[in-house]
Each structure stands twice: as C-alpha cells, then as structure tokens.
Amino acid sequence: MPADFSGTWNLLSSDNFEGYMLALGVDFATRKIAKLLKPQKVIEQNGDSFTIHTYSSLRNYLVTFKVGEEFDEDNKGLDNRKCKSLVTWDNDRLTCVQKGEKKNRGWTHWIEGDKLHLEMFCEGQVCKQTFQRA
C-alpha cells in the first residue's frame with residue numbers, strides 16, 4: 001500500500017534551491033526573493049489522485065494529477081514553462097518525470113516519520129527540501 005501524503009506540510013530546510021532555479025532559467029530577482037520564502041504544501045490524496053497546493057507570500061502553485069497518467073503541466077508562476085509530466089509510484093515514493101524544454105527535469109516526494117522530503121532536479125542540479133507536518 002503506497003504512503004499517505006495527505007496533510008499540511010511546512011518547509012524546514014532547503015538545500016541548493018538557487019542552483020535548481022538557475023538551471024530552470026529563473027531570473028536573478030525572483031531567485032533572491034524565492035530563497036527567502038518558507039512555503040507550505042497542502043496535499044490532498046485520494047488513492048492515486050493528488051492535489052498539491054504550494055503556498056508562499058510570493059506565489060501559489062496548484063498541481064492536480066493521477067499517478068500513472070501523463071498530463072500537461074503549466075508551471076506558470078514558477079519558471080513559466082509547459083511540460084508533459086508523468087508521476088509514478090517507486091515503492092512509497094512519488095516520482096515525476098517532466099518532459100519539455102529542460103532536460104532531466106522532475107521531482108521525488110517521500111515521507112520518513114513526520115517529515116516530507118522533496119528532491120527537485122533539472123539539468124544536473126538537485127534541490128533537497130524537507131517539510132514538517134503541521
């Protein structure tokens with residue numbers, strides 16, 4: 001049985017977020033502001049269907065998907081690129097591969113204890129974030 005990601009999660013730590021944003025082509029001013037943010041994720045999971053809201057004082061982002069079904073993702077407000085995304089289960093981890101302008105792009109979410117981990121990757125840059133259940 002896959003993990004249950006449902007809940008509200010607050011950012012505890014972020015490593016190499018600027019390097020990841022640089023790989024995405026995010027402009028200088030946005031990178032400097034985004035590094036200071038402490039986003040909150042609200043994840044709603046119903047079986048293999050997910051809604052993930054990411055809230056911050058700069059921008060909010062919403063993605064809805066079903067595991068195993070490719071979907072069009074519009075990263076408006078992030079790096080403003082569109083891509084084809086496919087999220088799959090890798091044991092208890094959610095892994096997303098994003099096909100588009102940027103190569104080797106995607107993310108992995110998993111839970112250990114009361115912490116949610118997120119690794120985002122793009123063109124060789126990896127950002128590791130840890131969230132605490134609220």
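The residues lining the largest cavity comprise one nonpolar, two polar and six charged residues (Ala, Val, Leu, Ile, Met, Phe, Trp, Tyr, Cys and Pro count as nonpolar, Asp, Glu, Lys and Arg as charged, and the others, Gly among them, as polar). The structure is a predicted model, in which local features need pLDDT of at least 70 and side-chain atom pairs count only at pLDDT 80 or more, while totals for chains, interfaces and linings use all residues. Residues are numbered from 1 along each chain as its sequence is written, and side-chain values use heavy atoms, with hydrogens and water left out.

The lining of this cavity consists of Arg81, Lys82, Cys83, Gln98, Lys99, Gly100, Glu101, Lys102 and Arg105. Two or more of these residues come from each of β6 (82-90) and β7 (93-99). The largest cavity holds about 40 Å³ of space, and one cavity of 30 Å³ or more is found in the whole structure. On a 1 Å grid over the protein atoms alone, a cavity is a set of points where a 1.4 Å probe fits but cannot get out, whereas a pocket is an open set with protein on both sides within 12 Å along at least five of seven lines; lining residues have an atom within 4 Å of a point. Grid points are joined across faces, edges and corners, and a volume is the space filled by probe spheres set on the points.

The largest pocket has a volume of about 730 Å³. Its lining has 36 residues, of which Phe17, Lys41, Thr54, Leu78 and Met120 are the closest to the pocket centre. By class, 18 lining residues of the largest pocket are nonpolar, 11 polar and seven charged. At least two lining residues each are supplied by β1, α1 (17-24), α2 (28-34), β3 (49-55), β4, β8 (105-112), β9 (115-122) and β10.

The protein chain contains two helices and 10 strands (DSSP runs numbered from the N terminus; helices are H or I with at least four residues, strands E with at least two). The 10 strands form an open antiparallel sheet in the order β4-β3-β2-β1-β10-β9-β8-β7-β6-β5, where two strands pair if DSSP finds at least two bridges between them. β4 (61-66) and β5 (71-74) stand at the edges with a single partner strand each, so one side of each has no neighbour in the sheet. Strand β1 (residues 7-15) is joined to strand β10 (residues 125-133) by six bridges; Asn10 has Gln132 in β10 as its bridge partner.
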